[in-house]
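Trainee: Could you take me through one part of this model in some detail? I'd like to look at the aromatic rings.

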Amino acid sequence: MEKLLLNIKIEIPKDIYLKDPESSSLGKKIIEKSIILIEDIGFESFTFKKLGKIIGSNESSIYRYFESKHKLLVYLTSWYWSWIEYQLVIETNSITNTEEKLKKAIQIVTRTTKQDSKFSHINEVLLNQIVINENSKSYLTKDVDNENKEGYFMSYKHVVQRFSNIIQDYNSLYSYSLSLASTIIEGALHQHFIKTHFTSITNCNKHITPTDFFTDLALKTIEKNE
């Protein structure tokens, strides 16, 4: 199993990039260093020129992989959501009890991220911070409908749909599984953000995690009537 997991490749919709960054050492360095730089200075201040200086390459070489920094951000967030889906599959596959499976799924989409050694050029901890701070910027654009039609957000939508299926398995009579799934996933990002920056408007802290909150919320919302 361990050897199998080491060979897993995170799939990203092909229209997001011009050249697959996973296909070369330069491409992997672009991804690795862009995560570090965006997390450090923020997406607004991030430019391909600044990234080029860090990787020791011309700005034009980055444009061979991504036509804009927006496309790079979409790539990074898509990678993150594909990685989350991969965890949902691996960590819930053997759980037969539907309540335990739901609790595990909630934990996966709301927990604090830890480094995954299977992807050496991706710092998942920093990438998680980028998603918390910048995820909405990947789709809150005038082009969102066209990009959605082209499949840019399939990774994110797959996570919501898979999570929704787990909710349905727990209670097939609950009518709002997609809405609840997307609310928990987006809400977790928000709670992680405000527990760091706006501590006076959340109960989440060092002792109460977003996982605690959303587990309580979900189970009470879709409680079975025996």
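Which residues do ring pairs link into a cluster?

Mentor: Ring pairs join Trp79, Tyr80, Trp81, Trp83 and Tyr156 into a cluster. Before we zoom in: this is a predicted model, where local features need pLDDT of at least 70, side-chain atom pairs count only at pLDDT 80 or more, and totals for chains, interfaces and linings use all residues. Residues are numbered from 1 along each chain as its sequence is written, and side-chain values use heavy atoms, with hydrogens and water left out.

Searching the whole structure turns up twelve aromatic pairs (rings of Phe, Tyr and Trp, the last by its six-membered ring, with centres within 6.5 Å; planes under 30 degrees apart are stacked, over 60 edge-to-face, the rest tilted). One of them is tyrosine 17 with tyrosine 75, edge-to-face at 6.0 Å centre to centre and 75 degrees between the planes. Tyrosine 17 sits in the loop between helix H1 (2–6) and helix H2 (25–41), and tyrosine 75 in helix H5 (residues 69–92), so this pair ties together parts 58 residues apart in sequence (helices are DSSP runs of H or I, at least four residues, numbered from the N terminus). Tyrosine 17 is buried at 13% relative accessible area, and tyrosine 75 is buried too, at 1% (buried means under 20%, exposed over 50%, partly exposed in between, with a 1.4 Å probe and protein chains only).

Now back to the cluster. Tryptophan 79 and tryptophan 83 have ring centres 6.2 Å apart and planes at 25 degrees, so they count as stacked. Both lie in helix H5, four residues apart, about one turn of the helix, and both are buried.

Note on methods:
Helix = DSSP H or I, 4+ residues; strand = E, 2+ residues; numbered from the N terminus.
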